[in-house]
Amino acid sequence: MKILNFKYVLTLSISLILVSVLSGCGSNSDELAAPVNGSDSSNENKPQVIKIGTSAVVKNVSFLDEAGKLTGYDVEVAQEIDRRLPQYDFEFETMDFPNLFLSLDAKKVDLIAMHLEQNEERRAKYLFNKELYDSSKLMLAVNESNTTIQSFEDLKGKTVIVPPSSSSAAIVEKYNTNQEFKVLYGDYTNAVTQLKSGRVDATVIDAGLARSLNRDAGAQLKLVGENLHTESGVYFAFRQSDGEELSDAVDEALLEMKNDGTLTKLANQWLQRDYQ
């Protein structure tokens with residue numbers, strides 16, 4: 001019996017040692033398999049946060065409603081794109097228009113949603129998606145009481161106001177190489193106020209936006225002359241260095257929205273016209 005007890009004890013001891021060794025190996029394996037940089041494997045299924053820069057200053061495009069909620073055509077289009085791209089989680093950052101591109105450069109935002117037109121200078125530095133989400137027609141605009149200005153030729157000695165760093169500003173600066181008229185910079189809310197007071201004489205603005213401001217904000221704008229813009233669409237802007245994958249995904253969602261009528265519905269709701 002003593003021998004049997006000794007064998008039993010010896011067997012039990014060996015078993016316990018093996019269990020301990022195997023448990024220790026399992027623990028080491030778990031540590032080796034742990035995600036690098038303290039990440040959690042569950043994070044792999046979490047959507048990537050995308051910061052969107054916009055300026056909440058243009059009625060029906062990007063603005064704060066009476067409840068202080070950010071909304072408008074550009075905002076709602078971006079939110080619908082977000083719903084269709086589960087791999088991303090869009091968050092909005094509002095700022096003055098000139099700071100949008102600065103923030104994109106500094107990687108504080110990942111894309112800009114502010115009814116942007118393309119031009120040669122912008123394309124040299126930034127990436128734009130391929131699917132437009134609105135048409136663009138830039139025209140000279142004056143107060144509805146103005147009867148003397150019909151084109152840029154009539155601006156000599158006058159004052160023009162445009163948003164800084166915008167396509168409108170680029171066109172005005174191109175026409176004003178000989179400094180024949182004065183150029184001021186301010187957003188369209190400021191422009192409308194200045195035009196009504198007579199402190200400035202004209203602005204350059206998207207035709208659809210001008211109609212929206214007249215209807216919803218009593219802007220009293222009158223469009224004159226011909227289309228000044230060789231580009232015809234409105235797009236989102238991304239960084240060239242790392243924005244291609246996001247841009248392609250946005251285009252896929254936009255194409256779906258065009259095909260199923262969602263984009264037309266949003267354009268009619270906010271712009272009172274189709275996006276085309």
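1. Which strands make up the open sheet of 3 strands, and in what order do they stand? The order is β2-β3-β4, and the pairing is antiparallel. Strands here are DSSP runs of E of at least two residues, helices are runs of H or I of at least four, and both are numbered from the N terminus. Two strands pair if DSSP finds at least two bridges between them. Strand β3 (residues 62-64) runs antiparallel to β4, and 2 bridges join them. L64 has L70 in β4 as its bridge partner.

2. A quick word on what you're looking at. This is a predicted model, where local features need pLDDT of at least 70 and side-chain atom pairs count only at pLDDT 80 or more, while totals for chains, interfaces and linings use all residues. Residues are numbered from 1 along each chain as its sequence is written, and side-chain values use heavy atoms, with hydrogens and water left out.

3. Now for the parallel pairings. As a reminder, strands of a sheet pair through backbone hydrogen bonds, either parallel or antiparallel. β1 runs parallel to strand β5 (residues 88-94), with 7 bridges joining the two. In that pairing K51 stands opposite E91 of β5. β1 also pairs with strand β6 (residues 111-116), again in the parallel sense, over 2 bridges. There, G53 sits opposite I112 of β6.

4. Staying with β1, have a look at Q48, which lies in that strand (residues 48-54). Q48 counts as partly exposed because its relative accessibility is 47%; the classes are buried under 20% relative accessible area, exposed over 50%, and partly exposed in between, with a 1.4 Å probe and protein chains only. Q48 and F90 are 42 residues apart in sequence, with their C-alpha atoms 8.4 Å apart in space.

5. On to the salt bridges, meaning a side-chain nitrogen of Lys or Arg within 4 Å of a carboxyl oxygen of Asp or Glu. By that rule the count comes to 12. Which residue does R84 pair with? The partner is D260, and the closest N and O atoms are 2.9 Å apart. R84 lies in helix α2 (residues 73-84) and D260 in the loop between α8 and α9 (262-271), so the pair ties together parts that are 176 residues apart in sequence. R84 is partly exposed at 22% relative accessible area, and D260 is partly exposed at 45%. Both belong to a salt-bridge network of E80, R83, R84, E256 and D260.

6. Is the R273 and D134 pair buried or exposed? R273 is buried, and so is D134. Their salt bridge has its closest N and O atoms 2.8 Å apart. This one also links distant parts of the chain: R273 is in the segment after α9 and D134 is in strand β8 (residues 134-135), 139 residues apart.

7. One more pair for the list: R239 and D242 meet through their side chains in a salt bridge, at 3.0 Å from N to O. R239 is buried, with a relative accessible area of 8%, whereas D242 is partly exposed at 40%.

8. Which residues form the negative surface patch? They are E244, E245, D248 and E252. Patch members have over 30% relative accessible area and no salt bridge, with like charges joined within 9 Å and nonpolar side chains (Val, Leu, Ile, Met, Phe, Trp, Tyr) within 5 Å. E244 is in helix α8 (residues 244-259), and E244 counts as exposed because its relative accessible area is 55%.

9. Last, two backbone angles to check by eye. Most residues other than glycine have a negative phi. Q179, though not a glycine, has a positive phi near 55°. Q179 is in the loop between α5 (167-175) and β11 (182-185), and counts as exposed at 63% relative accessibility. Q220 is not a glycine either, and its phi is positive at about 60°. Q220 lies in the loop between α7 (207-217) and β13 (221-224), and is partly exposed at 33% relative accessibility.

Definitions and conventions: Accessible areas come from the Shrake-Rupley method with a 1.4 Å probe; for residues, only the protein chains shown count as cover. Lys and Arg count as positive and Asp and Glu as negative; His and the chain ends are not counted. The place of a charge is taken as NZ of Lys, CZ of Arg, CG of Asp or CD of Glu.
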